[in-house]
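Keep the view open as you read.

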Amino acid sequence: MFVKKFLLLFGVLFGVIVTTIQAQSRLAPCSKQDYELLENSLKEYFDPWASEQYMVMDGNKEKYALYLKKKGILHQPYGTLSVKDAKATYIMRDDSLCYRKLASLLRFSVCASSSFVRDKLGGKTWYLFFDLYDGAQYWGDREHIQEGSLIDILEQACHAVKRNEPRMIRCLFPQIDSLTQHFKTFELEESWDVETSEYYQKDALVTELSTHYHGYSFDFFTTNVSRQALLEQYGALLRKTAKWLFAHSTVLDFNERVYIRIVPDMPAEEDRYSYSYGHYYLTVVESELAEDKLLQLLTKYFADSDD
């Protein structure tokens, strides 16, 4: 059995998102029965080493899958894109935003999936999406797939990988971003609850405010202010900037951590920002904990860019 857990339902997908792009209103989580019906196809096409994947099961006709694989736990979360069909496996090694943006799109489309009543099997195509072992599905006719929709974007990505042309995926970035931002709106509100804690670093007591499952935090070095006072003063700013970062980049999408380190003295520019094994560090002074200044810094250091 390929499923370790079943998805929580985040709500029903409706409506039109930015410009002409529409989310799939019939996206739903896979059930135990779905996996049983597709057992043979999953044995052939499901890749347990892919962090995210997209599979197309077109009745007894064409079958293929798009795989997104990380390099490894000690590396930045860029990896390899590949497509497998009945004839061959095609690989596009592009250590860039192509991997990251498609992974984010797949992750949040799966999370935002909701229940629906499927039509009879007929001649329709079964599209499957995986974020690790969590699965979602879409069931429909190819001719009804709208331009700019989730399925259309992933189909274009498959063609790009087969042709080894990252540029084709990069041209889709605006549409991918819009779809991903739409699916991210189904994030549970309680994920933005703020928690306080303390820890020692080099014998100095650090007070931390964190949100989004401890993925984003303000870490105060050398402060005499109580945890409760810091929460009252900066809790709202923490939530607001965390939500902005979640919506406008991918750094909170893959179980990484962002630490905003607040120190007494202004750091040198070369000491502002660092990254190490899934942990991002941005050092600021307390006077920069204003919404406009902090958003400028987040944009400068965390906005998506080519590597």
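Start with helix H7. Among its residues, Leu-230, Tyr-234, Gly-235, Leu-237, Leu-238, Thr-241, Ala-242, Leu-245 and Phe-246 are buried. The model is a predicted one. H7 spans residues 227-248. This helix does not run straight: at Tyr-234 it bends by about 55°.

What covers those buried residues of H7? The cover includes three helices, H3 (97-111), H6 (173-184) and H8 (291-302). It also includes strands S9 (204-211), S10 (216-221) and S11 (257-263).

Now turn to the aromatic rings. The structure holds 14 aromatic pairs. One of them joins Tyr-54 and Tyr-127. Their ring centres are 6.4 Å apart, and 5° separates the planes. Because planes under 30 degrees apart count as stacked, this pair is stacked. The two partners come from distant parts of the chain, 73 residues apart. Tyr-54 belongs to strand S2 (residues 52-57), and Tyr-127 belongs to strand S6 (residues 125-131). Both are buried: Tyr-54 has a relative accessible area of 0%, and Tyr-127 has 1%.

Phe-220 is buried at 2% relative accessible area. Tyr-234 counts as buried too, at 6%.

Rings also gather in a group. Tyr-273, Tyr-275, Tyr-280, Tyr-301 and Phe-302 form one aromatic cluster.

The charged end of Lys-184 sits over the ring of Phe-246, 4.5 Å from its centre. Phe-246 is one of the buried residues of H7. Elsewhere, the charged end of Lys-69 sits over the ring of Tyr-67, at 6.0 Å from the ring centre.

Finish with the cysteines. How many disulfides does a search of the whole structure find? The search finds zero. A disulfide is a covalent bond between the sulfur atoms of two cysteines. Take Cys-98 as an example. The closest cysteine sulfur to its own is in Cys-171, 9.6 Å away, so the two are too far apart for a bond. The cut-off for a disulfide is 2.5 Å. Cys-98 is buried, at 0% relative accessibility. Cys-158 is buried as well, with a relative accessible area of 4%.

Notes. Residues are numbered from 1 along each chain as its sequence is written. This is a predicted model: local features need pLDDT of at least 70, side-chain atom pairs count only at pLDDT 80 or more; totals for chains, interfaces and linings use all residues. Side-chain values use heavy atoms; hydrogens and water are left out. The bend at a residue is the angle between axes fitted to the seven residues ending there and the seven starting there. Helices (H or I, at least four residues) and strands (E, at least two) are DSSP runs, numbered from the N terminus. Buried means under 20% relative accessible area, exposed over 50%, partly exposed in between (1.4 Å probe, protein chains only). Contact means heavy atoms within 4.5 Å. Rings of Phe, Tyr and Trp (its six-membered ring) pair if their centres lie within 6.5 Å; planes under 30 degrees apart count as stacked, over 60 as edge-to-face and the rest as tilted. A charge sits over a ring if NZ of Lys or CZ of Arg is within 6 Å of the ring centre and within 35 degrees of the ring normal.
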